[in-house]
Amino acid sequence: QRIEEQIKISWQLALEISKKYVSKYNQYHEVIISFDKKAGFYVGNSLGIALTLTFLEQILKYYNPTYIIKMSEGGAFTGGIDTEGNVLNTGEDIIKRKVAAIFYSELNSFVIPKLEESYAYFSLEQLKKVYPERKLKLITAEDINDILNRRDLVEIKKQKAIVRTVKFVKKNWVSTVATVLLAILFAYLFVMDFDDNPASLSVDTNTLYVKNKNGKVLWTLCSTQ
């Protein structure tokens with residue numbers, strides 16, 4: 001139940017943040033959540049930070065706005081998120097065990113709830129007594145903005161116009177092809193419509209019609225007799 005609630009909160013929060021970059025988005029989305037590892041049990045809400053950032057990254061990737069967000073590699077996050085974007089605690093014992101798990105990994109930074117800073121640093125100091133050369137940076141956060149405002153954690157960059165165009169064409173290639181074909185058709189009709197080269201003559205009673213090869217009347221000549 002906790003993880004299901006966290007998924008809904010993280011999704012809504014990511015949508016709200018995305019409004020800074022996306023002017024209009026669909027009312028409905030299909031959201032699929034998958035994990036790299038098939039084995040294991042996922043409980044609680046401590047994936048809130050990571051889930052919110054991932055949702056935000058994918059939303060912007062989907063809508064292809066001017067700015068996109070990408071999480072930096074080499075870092076890990078823990079802590080739930082509430083509807084206001086505040087980071088929730090995990091618990092003293094849990095945060096100590098998570099620091100140990102990250103310590104023995106290849107990651108170089110770990111984002112933790114601000115209120116659990118003392119527990120996390122205590123655990124880290126104990127571990128460094130055994131492996132003093134291990135460099136692990138603990139980063140505290142009170143809310144989601146503390147993370148979004150750090151470029152070493154989240155990269156926010158402006159896309160080039162050509163890159164956005166290529167992405168749009170790949171995603172909407174059917175409509176793009178149809179638009180190009182219609183543009184060619186209209187251009188052809190435009191050229192044909194403005195063809196002012198006489199090609200044929202026709203007479204109706206006292207009126208002479210000069211037409212182009214498409215049958216458009218270029219001018220008329222009326223007889224007074």
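**Exercise 1. Find what includes the cover of the buried residues of α3.**

Step 1. Name the elements. The cover includes β2 (75-77), β5 (109-113) and α4 (117-128). Helices (H or I, at least four residues) and strands (E, at least two) are DSSP runs, numbered from the N terminus.

Step 2. Know the model. This is a predicted model, where local features need pLDDT of at least 70, side-chain atom pairs count only at pLDDT 80 or more, and totals for chains, interfaces and linings use all residues. Residues are numbered from 1 along each chain as its sequence is written, and side-chain values use heavy atoms, with hydrogens and water left out.

Step 3. List the buried residues. They are Ile95, Val99, Ile102 and Phe103. Buried means under 20% relative accessible area, exposed over 50%, partly exposed in between (1.4 Å probe, protein chains only).

Step 4. Look across the helix. The face turned away from the buried side of α3 carries the exposed residues Asp93, Arg97 and Ala101.

**Exercise 2. Check the span of helix α3 (residues 92-103).**

Step 1. Work out the expected span, which is 1.5 Å times one less than the number of residues. For the 12 residues of α3 this should be 16 Å.

Step 2. Compare. The end C-alpha atoms of α3 are 17 Å apart, which agrees.

**Exercise 3. Is Ala14 buried or exposed, and which residues is Ala14 in contact with?**

Step 1. Ala14 lies in helix α1 (residues 2-18).

Step 2. The relative accessible area of Ala14 is 0%, so Ala14 is buried.

Step 3. Leaving aside neighbours within four places in sequence, Ala14 is in contact with Thr52, Phe55, Leu56 and Ile59.

Step 4. Take Ile59. Ala14 and Ile59 are 45 residues apart along the chain, yet their C-alpha atoms are separated by 8.0 Å.

Definitions and conventions:
Contact means heavy atoms within 4.5 Å.
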